[in-house]
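Please have the model open as you read.

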Amino acid sequence: TQAEGSMSKLYASEAATFVTQNALRILGGNGYTRDYPVERWHRDATIFTIFEGASEIQRLIIGRTITGLPIR
């Protein structure tokens, strides 16, 4: 269903953002330099929360599907 697709997109994007933010915290200021690949990973993970519908839109689709409201 549409809700399952939205659930997987939401979970994956939120998990990727959480993991890369923790990696940046561990590396400190060095994590923001281009010397480490975590800088690119964090940029990409942040884009996933925006690309193909923001996380809020995915949550809206999930909620509407669960409650039976129409998805517009």
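His-42 is buried, at 19% relative accessible area, where buried means under 20%, exposed over 50% and partly exposed in between, with a 1.4 Å probe and protein chains only. This is a predicted model, in which local features need pLDDT of at least 70, side-chain atom pairs count only at pLDDT 80 or more, and totals for chains, interfaces and linings use all residues. Residues are numbered from 1 along each chain as its sequence is written, and side-chain values use heavy atoms, leaving out hydrogens and water.

Here are the two residues side by side.

Helices are DSSP runs of H or I with at least four residues, numbered from the N terminus.

Leaving aside residues up to four places away in sequence, His-42 touches Thr-20, Gln-21 and Leu-24; contact means heavy atoms within 4.5 Å. With the sequence neighbours set aside in that way, Glu-14 touches Thr-49, Ser-55 and Arg-59. Glu-14 and Thr-49 are 35 residues apart in sequence, yet their C-alpha atoms are 7.1 Å apart in space.

How do the helices meet? The axes of H1 and H2 come within 8 Å and cross at roughly 150°; axes are lines fitted to C-alpha atoms, for helices over the stretch in contact, and angles run from 0 to 180 degrees between N-to-C directions.

Note on methods:
Helix = DSSP H or I, 4+ residues; strand = E, 2+ residues; numbered from the N terminus.
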